[in-house]
Amino acid sequence: MADMPAAYGDDPPEAADHPDPPTAAVQLARHAHRDPAYVRLEGVHALKHAVRFGADVEVVLSPDPPRLHALLAELAPDVGLPVPVTPVDMGTWRAVAGRELPSPVITIARRPPVGVAEVLAAPGRLVVLEDPRHLGNLGAAVRVAAAASAGGVLVVGDADPWHPTAVRGAAGLQFALPVARTAAWPIALTTGVGPSGGPRPVVALDTGGTSLRAGAIAPDAAILVGTERGGLSAGIRQHAELTVAIPMRPGVASLNLATAVAVALYAG
Ligand SMILES: C[S@@+](CC[C@H](N)C(=O)[O-])C[C@H]1O[C@@H](n2cnc3c(N)ncnc32)[C@H](O)[C@@H]1O
């Protein structure tokens, strides 16, 4: 426990049992989570998706390269690693990982320079998440948005969609579609020109809306999803021209945020 940082904001401790000075690859892996130019990906699934969707990978670090290669051969035989694996001893691995990881790989890639304007201009549906509090939920929403071929994901608030926990929750699928964060409601969403020539239809997901039916959500709609505890704020909901509810059995208060996104994208 003593050598495990509490959060990614902390620097992992130096490896006590690693006698050699860290290489440039290890240095980058240790600090990438604090550098907005980089993305840290944990695990084979995130590595697999990042490579498939064109990530600019700089470091692949593993304490057990043969096991990593075996896992890749089993889970992603189509994926060729763009850089050689950097092998590390267990002390260095623990220092970089910061905690037990189930999978023997950490990948560092360049963060794609995607801004809010690029997300707003993306063809297809946009998923707009208001102030998500749980990075795992945020990641799961990105994952299903990518799977359902949504145009992009925009986070309104302070949660970073490229945080390692969100990247893990999305299995690295941030690389599959434009994803960005904005501190405040992007006014261009309702006033600007969307991919089909006018402003996008804006649809709120809220338990108080009208029952969701197939085809209710336009192919270029922005789908607004509220925060975990409080749901959509009045300030954001006011931008929606339609509010839809996913029917639930009496007594059930709400669906998980990412589950609601999944239902809306696949059934709406
Ligand atoms: C965990 S829920 C928030 C629950 C919150 N207590 C509320 O009443 O809105 C997070 C978000 O998921 C979406 N959501 C969850 N269940 C839903 C449902 N049955 N119909 C429509 N949207 C739903 C909404 O956008 C909601 O703001």
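Predicted model: local features only at pLDDT ≥ 70, side-chain atom pairs only at ≥ 80, totals over all residues.
View 1. A nitrogen atom of the ligand lies 2.9 Å from a backbone N or O atom of Leu255, and a backbone N or O atom of Asp206 lies 3.4 Å from a nitrogen atom of the ligand. On its own the ligand has 560 Å² of accessible area, of which the protein covers 87% (Shrake-Rupley method, 1.4 Å probe).

**View 2. The shell around the ligand.** The ligand is surrounded by 18 residues, and the closest are Leu205, Gly226, Arg229, Ile246 and Leu255; a residue counts as near if one of its heavy atoms lies within 4 Å. Strand S8 (202-211), strand S10 (242-245) and helix H10 (257-267) are the elements that give two or more residues to this shell, and the largest share, three residues, comes from S8. Helices (H or I, at least four residues) and strands (E, at least two) are DSSP runs, numbered from the N terminus.

View 3. His49 has its place in helix H2 (residues 44-52), and it counts as buried because its relative accessibility is 12%, buried meaning under 20%. Apart from neighbours within four places in sequence, His49 is in contact (heavy atoms within 4.5 Å) with Ala171, Gly172 and Leu173. The C-alpha atoms of His49 and Gln174 are separated by 8.9 Å, although these residues are 125 residues apart along the chain.

**Notes.** Residues are numbered from 1 along each chain as its sequence is written, and side-chain values use heavy atoms, leaving out hydrogens and water. Local features need pLDDT of at least 70 and side-chain atom pairs count only at pLDDT 80 or more, whereas totals for chains, interfaces and linings use all residues.

Methods. Buried < 20%, exposed > 50% of the residue type's maximum accessible area, 1.4 Å probe, protein only. Polar contact = N/O pair within 3.5 Å; in protein donor to acceptor, adjacent residues only side chain to side chain.
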